[in-house]
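Student: I would like to learn how to read helix packing and sheet order. Can we work through an example?

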Amino acid sequence: MAQPDSKKVFFENLTGAGKAIAVLTSGGDAQGMNAAVRAVVRMGIYVGAKVYFIREGYQGMVDGGEDNIKEATWESVSSMLQVGGTVIGSARCKEFRSHEGRLRAAHHLVEKGITNLCVIGGDGSLTGANLFREEWSGLLAELVEQGLISQDSSQKHSALHIVGMVGSIDNDFCGTDMTIGTDSALHRIIEVVDAIMTTAQSHQRTFVLEVMGRHCGYLALVSALACGADWVLIPEMPPEDGWEDKMCQKLSANRAGMKRLNIIIVAEGAIGRNNKPITTDYVKDLVVKCLGFDTRVTILGHVQRGGTPSAFDRILASRMGVEAVMALLETTANTPACVVSLCGNQSVRLPLMECVQMTQEVQKAMDEKKFEEAVKLRGRSFENNLRTYKLLAHRKPESELPVSNFNVAILNVGAPAAGMNAAVRSAVRVGISEGHKMFAVSDGFEGLYKGQIKEIKWADVGGWTGQGGSLLGTKRTLPAKHVDKIAEQMRLHNINALLVIGGFEAFECLLQLYDARATHEDFCIPMCMLPATISNNVPGTDLSIGADTALNAIVETCDRIKQSASGTKRRVFIIETMGGYCGYLASVGGLAAGADAAYIYEEPFDIRDLQSNVEHLTEKMKTSIQRGLVLRNENSNENYTTDFIYQLYSEEGRGVFDCRKNVLGHMQQGGAPSPFDRNFGTKISAKAMQWITKKLTETFRQDEGRVFANTEDSCCLLGMRRRNLVFQPVVQLKDDTDFVHRIPKEQWWLKLRPLMKILAKYRTSYDVSDSGQLEHVVRNRPKESDASVAM
């Protein structure tokens, strides 16, 4: 079942034999830190290194002793993937800031033979680690002079290698699209906001919510975008003078438009143009005084730090942990300390101090009231978030809107996916802001040929962001059999552009409409597709709207199922996931849930593989590990069904473990969209509408008074490829597609499967052709990719 390696077999070429790696968590805790610790420990052991926990962060390093610096085993990180916080403890250590404290820390590391440090923390923790590294040779010389270590020991441990991973819910570290813990914190915030909105609606209340972010407004900004908040206040971009009146006017206008509630989100570090704090109480008093609205304050506080890590954070932390070990094994005495970062959908390594310096520059710009510069330094990701929020939250007066006289229709196709409604809302509001008349089509192409088309206004999509499913209605009907009727409806309503949101069926629909241009000029208009399917099986994109919500549903269910066996005898669970022939949910869900195996169509398996997996689990169960988890994609093999695998495991594991099976079914398709899917849908939809506006302008024939677009690049799919959002002509994606099994011929996530196997204690080949190479921090690096909710 192992993937063939394209560059080198990892464990043969990058051995850790004779090396000692220590992992510590420092500063504030963040959900996902445990997943990173687990990945470092297991990858380190896998390559033959000794791995140590350093408990209580730098304090444990300074204090030393067997309890604080303890060798880790494979089993010691079992059952910690789903646990929030950090099980090895974290503390802020004043002693480490002193030379004497660092001298003691160096002594304790040399005693254990540790010269490789993996530090998980914020910029302060990582800066301290770099200072420790720079002083290392001098500290060893002092220890030799004091007779605490020998000259031989000093030479043997002459270089200290450091790799950092950023664990911070604030996402305040420059150089990475997303820090460990941010997505989970967004989950906590959105859960609270969704709950508050129901009570606010009942009583027609205004709620002022304070979220964390003393120096960074990322959580406030993205949660405001994800819930459609009326107003947001962040430290990087204080509101203009006179904002109080503008905010009250906006709240009043929303109430007049039959909206029964208002949500205002305030970052704890929010400031005015005079650098004075803007507090939630100030905002509440302002609303009560000016408008007389019943207003309440909710301060979320440490709720945002707690709880189970999201699927995104588990995967991010696991990938970073493995990458950190690889970086330590490849480092030399001349390699600068690096931090493992996420850029788009790729792991990258960046010089630690370059990232720290840029992070400090943001604060400096804010202190000097250079707020535009501060936003730019946060990166295009942050800048684009702010621009998109302003575009969607603040409607321009009719007199200020451009007049385009273009009609744009939006429809959903295929199975419903969480985040579709956020995409529709975004498209409608951006389209209206661009001067277009927006039309909603009910029930996909079936509704289109039946004439179920109506104009949709700004206020009609209020509150859609957090709704699951498809409020427009969606069907799997393809247009090929109904092109004449569809063309007639397009003429009748003078549709000048089409935005199709859906899965593989939507891709097929656009191909059919493109072909129909030869006989029907009505389809010679700009057409764009946004991938939205839980299966994530659309060619031309690494991620689809809805897949993250489905992954979280799978992971949460797996957590509960595993917990159900707590305290009982040894048990293995066989879980069937959806996805058609695409193994994305089974594979990536398996990595996030800590599965022992995941059976998928893309990686053929036979009875020998099944037998090998059973034997492997039998061996594991003889240790202290009590539970096993096996995922199977619904169409992975027509003969080796879920029932067959369940019966095989039950029989072969008899006397060692028993089995249970679960078919997760449509629960993977339901529920409120995750913060990731809300924001991914919102932002790629905004980008698609801007593309449509550009194409409409380019293809409008003044002499004929109509739009005529018949080139390949006027019928595109907008997808995320590695680090960028890319518009790709659908006809050019045909060769990349397996139409029989409805999957792309190449899928990036297959490279994650060896990680799942390594972390489950399998010996396997590991393709490192995509491993992060040391890059330099680039100012305002393009971050249009949204692998991180951070476009």
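This is a predicted model: local features need pLDDT of at least 70, side-chain atom pairs count only at pLDDT 80 or more; totals for chains, interfaces and linings use all residues.

Student: What describes two packed helices?

Tutor: Two numbers do: the angle between the axes and the distance between them. For α11 and α19 the angle is about 85°, and the axes are 8 Å apart. Angles of 65 to 115 degrees count as roughly perpendicular. The two helices α11 and α19 are therefore roughly perpendicular to each other.

Student: Which residues of α11 and α19 meet?

Tutor: From α11 come A311, F312, R314 and I315. Facing them in α19 are D548, L551, N552, V555 and D559. By class, this contact of α11 with α19 has five nonpolar, one polar and three charged residues.

Student: Now the sheet. In what order do the strands stand?

Tutor: The order is β7-β8-β6-β9, an open sheet of four strands with parallel pairing. β7 (231–233) and β9 (295–299) stand at the edges. Each has a single partner strand, so one side of each lacks a neighbour in the sheet. On average, neighbouring strands here are turned by 15° against each other, direction ignored.

Student: How many bridges join β7 to β8?

Tutor: Three, and β7 runs parallel to β8 (residues 262–267). As an example, L233 has V266 in β8 as its bridge partner.

Student: Which strands does helix α7 lie across?

Tutor: Helix α7 (residues 182–203) lies across β6 (206–211), β8 and β9. Against β6, helix α7 runs at about 165°.

Note on methods: Residues are numbered from 1 along each chain as its sequence is written. Side-chain values use heavy atoms; hydrogens and water are left out. Two strands pair if DSSP finds at least two bridges between them. Axes are lines fitted to C-alpha atoms, for helices over the stretch in contact, and angles run from 0 to 180 degrees between N-to-C directions. Contact means heavy atoms within 4.5 Å. Angles under 35 degrees count as roughly parallel, over 145 as roughly antiparallel, 65 to 115 as roughly perpendicular and the rest as oblique. Ala, Val, Leu, Ile, Met, Phe, Trp, Tyr, Cys and Pro count as nonpolar, Asp, Glu, Lys and Arg as charged, and the others, Gly among them, as polar.
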